[in-house]
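Trainee: I have a protein model open. Please show me how to read it.

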Amino acid sequence: MRTAGSCFLFAFFLVSVIHAQDQAVHSSSMDMPGMSPNKMAMESHALAEAILQHTTSGTDAQPNSTPTEMLMMRRGSWTLMFHGEVFLNELQQSGPRGANKTFSTNWFMPMAQRKLGRGTLTLRTMLSLEPGTVTGERYPELFQQGETAYGKPIIDGQHPHDFFMELATIYDYHLTEKSLLSFYVAPVGDPAFGPPAYPHRTSASEDPMAPLGHHLQDSTHIADDVITVGITHGIFRVEASGFHGREPDEYRWDVDAGKIDSWATRVTVNPGQNWSFQYSISGLTSPEALFPGEDLRRMTASVIYNRPIHNGNWSSMVLWGRNQSLSDENVGNAYLLESSLNFLTKNNLWTRIENVDRTNELLIGETFLPTNFTERYFTRVQAYTAGYDRELGHVPHLSMALGAQLTWYGVPEVLQSTYGAHPFGVVGFLRLRAR
């Protein structure tokens, strides 16, 4: 009842925020001739233009044609924007390790922009109430690994996001019409690594669950003390970041801090309206609390394809991520294919296919690790997801959808006695999104 109540209160909160924004936009539109109270559907025609919109976390990029819907209003020289979403989920899983839970995954992003000199200043905050709507420090997810809680590894579960997902100041200086010099500073933010994280990319927009490869691909989207410098010219962008490498702890309501001890660099190419390629590499210093002496080299490469269609949009991504321990050269890989199709305006179909290396922590489960335990990748798991939702109602500036998805797994023989041969999970949800 506590979880369901938290989910309901947060849904009420989001609707209230959107209603207040709607009233403010109407007021602004009366004060400013030509100001429309409607949503803003953002689509770019060049990489530099897409970067300036800053509609994802950090300084990530998607194809120029990717649509992003946000609420917008003007206050003097400032442009104010708001985007957010809530999933109210009911999860059922089978097998010996399966579990059931009602929980909410959510985030919302207020942002302000204005011209400043020869550039654009952006102030952006991203918040999540998951510390209150995902109880017990996790929601169930078979075969998931990553982060810790109170001295134990989180196994078969996904941790909630921190309340402060991002607190960032961004300045984009116009070197030329097609060239930008960008500075990103965030006590909590997203360094220049990987594609857009799963909560913020269009190809995963209707899936309420985290990928199994999250901690080999895009888990650095919440990092501390981030500084990034990037140069964009034409279809190319090159970036470098310094940040604190330790992953968030179990105290999700506060802001962590630490010295800048890790680095990342990324090359992005958007060769046309519908394509975006990136390769990134990072050096992570002591990311895991249970293995403080272990540093990681992490790499990712991805291709995103987006295609607007009549009354809809189709977005897909192929992603590879790799972790290499710098202590013992142990290597794990994660491969992902996901695709989301919006058709006939109100309908969404999506799929996600993963092939992911797993470590021997799965055999131990959620308990204190044995003395002198050495974590090693030792097997590979496949996950297959398919889902559908349909938008409901006609509430101004709020998209509501009711949907469900099914995930089934390819289980290696070494894990079948622990998980069963054919476990699966089903999620039913109500999705709310500002638009």
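The talk below goes from the whole protein to one residue.

Mentor: First, the ground rules. This is a predicted model, where local features need pLDDT of at least 70, side-chain atom pairs count only at pLDDT 80 or more, and totals for chains, interfaces and linings use all residues. Residues are numbered from 1 along each chain as its sequence is written, and side-chain values use heavy atoms, with hydrogens and water left out.

Trainee: How many helices and strands does the protein have?

Mentor: Helices (H or I, at least four residues) and strands (E, at least two) are DSSP runs, numbered from the N terminus. Here there are 6 helices and 20 strands.

Trainee: What does the radius of gyration say?

Mentor: It is taken over C-alpha atoms, and the globule rule is 2.2 Å times the number of residues to the power 0.38. For 435 residues, a compact globule would have a value near 22 Å; this protein has 21 Å, which agrees.

Trainee: Is S128 buried or exposed?

Mentor: Buried means under 20% relative accessible area, exposed over 50%, partly exposed in between (1.4 Å probe, protein chains only). S128 has 0%, so it is buried. Of the 435 residues, 58% count as buried.

Trainee: Where is S128 found?

Mentor: In the loop between β5 (119-127) and α3 (130-133).

Trainee: Which residues does S128 touch?

Mentor: Contact means heavy atoms within 4.5 Å. Not counting residues up to four places away in sequence, S128 touches N106, W107, H161, D162, F163 and M165. The side chain of S128 also reaches the backbone nitrogen of E130 at 3.1 Å.

Technical notes. A polar contact is a pair of N or O atoms within 3.5 Å; within protein, one must be able to donate a hydrogen and the other to accept it, and residues adjacent in sequence count only if both atoms are side-chain atoms.
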